[in-house]
Every structure is written in C-alpha cells, then in structure tokens.
Amino acid sequence: MKKAERTGASSPWTIRISLMLVCMLVIVYAGGPMICSARSLAAEETQPTVIPQSKTQHKRMAIIIDDAGNDMKGTAEILNMPVKLTLAVMPFLPTTKKDAAAAHEKGMDVIVHMPMEPKVGRPEWLGPGAITSNLTDKEVRERVEKAIDDVPYAIGMNNHMGSKITSDKRIMSIVLDVCRERGLFFVDSRTNFRSVVGELAVSKNMPPVGNDIFLDDRNSKPHIRQQMDLAAKRALEKNMCVVIGHVGQTGLNTSSVVRESVTRLQDQIEFVGIGDLVREVWHWHAAPTLPTNNK
C-alpha cells in the first residue's frame with residue numbers, strides 16, 4: 001500500500017516537472033526573438049533623437065548691431081564678421097552712407113536706426129532728425145521719409161532709444177505707414193514694455209518683429225557672453241531669436257564676444273540677416289507703393 005502510494009504519487013510530480021521544462025524551453029527559444037524585436041523597436045523609436053536639431057529644424061539667430069553711422073568703436077570689427085549680421089545705421093551722420101554701403105557690400109542687411117524720443121535721457125543722444133512727441137503728423141512723416149532716403153540699401157527700420165514714442169499710437173502708426181509705403185518692415189527694439197509697435201504692425205499686415213535680448217546692456221565681456229548664451233538657448237528652443245548689440249562704448253567688447261560666439265555656435269545655429277527672418281518666418285515680402293531711392 002505504501003509502495004503503491006509512492007508509485008501513484010510520483011506520477012503527478014513527473015508530469016509537473018515535464019511541464020515546467022517545456023515552459024522553460026518555450027521561454028528560452030521564443031523569448032529570445034521577442035526580446036530582440038523589442039530592443040530593435042526601441043532603437044527605431046529613439047533613432048531621430050540622435051539627428052542634430054539643425055538638420056530637422058532651422059535654428060536661426062538675427063544679430064542687429066545698432067548705432068552705426070558715426071565711425072564708432074567696433075564698427076570695423078562688426079563689418080568683418082564671418083557670418084551675416086544686420087547693421088542698424090543712424091541717418092544724417094558723418095559715416096551713415098559709408099557704413100551702410102560697406103555692410104551691403106559684405107552681404108549684410110541694412111536698416112535705418114531711427115532716433116526717437118525716450119522717456120528719460122539726454123536730447124543730444126538722439127542725433128539729428130529725431131522723432132519727438134511734439135511733432136505734427138506731417139512732420140513725423142517727413143522725418144521718417146528723409147531718414148529712409150539718407151540710409152542706402154535700407155530694407156527695414158528700428159528705433160534708437162524711443163521708449164516714449166514706441167508707446168504713442170498716433171506717431172507709431174504714421175511711422176509704420178511710411179515704412180510699409182516704402183517697402184520697409186519695422187523692428188521694435190523693445191525699449192518700453194508698453195510698446196504698441198507689435199499690435200499696430202499686425203493691424204497693418206506687417207510682421208510684428210521685435211528684439212528678444214539686448215547683448216550689451218552692461219559693458220563687460222562676461223555679461224555679453226552670458227547674453228549670447230541666453231540668445232543661443234532661445235534660438236534652439238524657439239527656433240529663432242532676435243538680439244541687439246551696439247558699436248560705440250561697448251563696441252569692442254561686443255564685437256569680440258560675437259565673433260567668438262558665432263564660431264562656437266555656428267554648427268548649431270544659422271546666423272541670418274533680419275530680412276531673412278522676416279521673409280522666412282513671417283512670410284512678408286516688400287510691396288512698396290511709393291518709390292524709394294535707397295536701394
């Protein structure tokens with residue numbers, strides 16, 4: 001009886017062991033390909049992340065350099081940059097035409113750096129032909145037209161100072177109307193967070209272009225370098241960035257940092273003129289209704 005019990009009891013255990021062995025064999029031989037397939041699928045799904053961002057989407061930066069036209073420090077260095085920049089040239093100054101022509105010959109974009117009244121600041125900082133809040137509509141129009149005519153090859157305009165004027169709808173509406181009539185866009189330097197330029201530009205079917213970062217609001221290489229890094233980060237994250245630097249007091253530091261930065265970043269970011277950005281991002285093309293002699 002005990003023997004019979006042992007014999008009968010061993011049979012189910014034998015069956016269980018056999019079943020376990022079969023299951024293990026299925027897992028070993030069937031699971032191998034399944035694991036490989038899963039790994040292959042994961043590799044395929046993650047494959048695009050190894051492609052450089054610059055190959056999948058353009059990362060653009062437009063660097064505008066203000067205050068040209070008066071033979072200021074850093075002008076020659078800016079004009080000798082290895083990438084395309086934008087030179088904002090003030091009208092009616094000793095080297096206005098010379099600087100604009102030199103930038104154009106280098107393949108850079110040229111825009112009018114239009115002097116505009118600030119909320120605070122010395123009047124002599126404005127330069128000749130400035131737009132001030134006491135001008136009539138006719139006077140505003142005449143000054144903008146004369147400034148455009150005085151800067152050769154200009155394709156756009158931005159404000160020099162102008163924290164008071166860029167928040168004035170009456171005056172800025174006239175400024176934008178003249179720019180549109182002459183085939184120019186307007187870049188808001190954003191010296192006033194209450195600026196109405198973007199809003200007015202949209203209402204007039206013009207591109208709402210604005211400055212994102214000032215490079216040299218403090219005149220030190222470490223600060224300018226930090227601002228360039230912030231600009232690069234924005235360009236990589238948002239696909240574009242507009243920055244403004246200056247010749248003059250900060251000119252040598254700005255030009256030095258810009259040169260080293262574009263050398264370091266040009267594999268990741270495309271440096272373009274502001275006109276390129278306006279055409280490619282906002283799909284805006286100049287359609288002047290009045291003749292201009294600055295081309």
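# Cores, contacts and confidence

Biologist: Which residues touch the most other members of the largest nonpolar core?
Modeller: This is a predicted model, so to speak of local features we need pLDDT of at least 70, and side-chain atom pairs count only at pLDDT 80 or more, while totals for chains, interfaces and linings use all residues. Residues are numbered from 1 along each chain as its sequence is written, and side-chain values use heavy atoms, with hydrogens and water left out. A nonpolar core is a set of buried Ala, Val, Leu, Ile, Met, Phe, Trp, Tyr and Cys residues joined through side-chain atoms within 4.5 Å, where buried means under 20% relative accessible area, exposed over 50% and partly exposed in between (1.4 Å probe, protein chains only). This core has 58 residues, and those touching the most other members are Met61, Ile63, Ile131, Met157, Met172, Val175 and Phe186.

Biologist: Which element gives that core its largest share?
Modeller: Helices (H or I, at least four residues) and strands (E, at least two) are DSSP runs, numbered from the N terminus. With 7 residues, the largest share comes from α6.

Biologist: What is the partner of Trp284 in the aromatic pair?
Modeller: Rings of Phe, Tyr and Trp (its six-membered ring) pair if their centres lie within 6.5 Å; planes under 30 degrees apart count as stacked, over 60 as edge-to-face and the rest as tilted. A search of the whole structure turns up 1 aromatic pair. The pair is edge-to-face, with 6.1 Å centre to centre and 90° between the planes, and the partner is Phe185.

Biologist: Is Phe185 buried or exposed?
Modeller: Its relative accessibility is 3%. Because of that value, Phe185 counts as buried.

Biologist: Why do the buried residues of α4 count as being on the same side?
Modeller: In helix α4 (residues 96–105), the buried residues are Thr96, Asp99, Ala100 and Ala103. They share a side because of the arc they cover around the axis (taken from the directions from the helix axis to the C-beta atoms), and that arc is only 100°.

Biologist: Which residues are exposed on the other side of α4?
Modeller: What covers the buried residues of α4 includes β1 (60–68), α3 and β2 (86–89). On the other side, the exposed ones are Lys98 and Glu105.

Biologist: Which residue's side chain makes a polar contact with Asp177?
Modeller: Asp177 lies in helix α6 (residues 169–181) and is buried at 18% relative accessible area. A polar contact is a pair of N or O atoms within 3.5 Å; within protein, one must be able to donate a hydrogen and the other to accept it, and residues adjacent in sequence count only if both atoms are side-chain atoms. Here the distance is 2.8 Å, and the partner is Lys204.

Biologist: How many contacts beyond four places in sequence does the model have for residues 1–15?
Modeller: pLDDT is the predictor's confidence in each residue, from 0 to 100, and the chain averages 84. Over residues 1–15, pLDDT stays under 50. Contact means heavy atoms within 4.5 Å, and for this stretch the number is 0.
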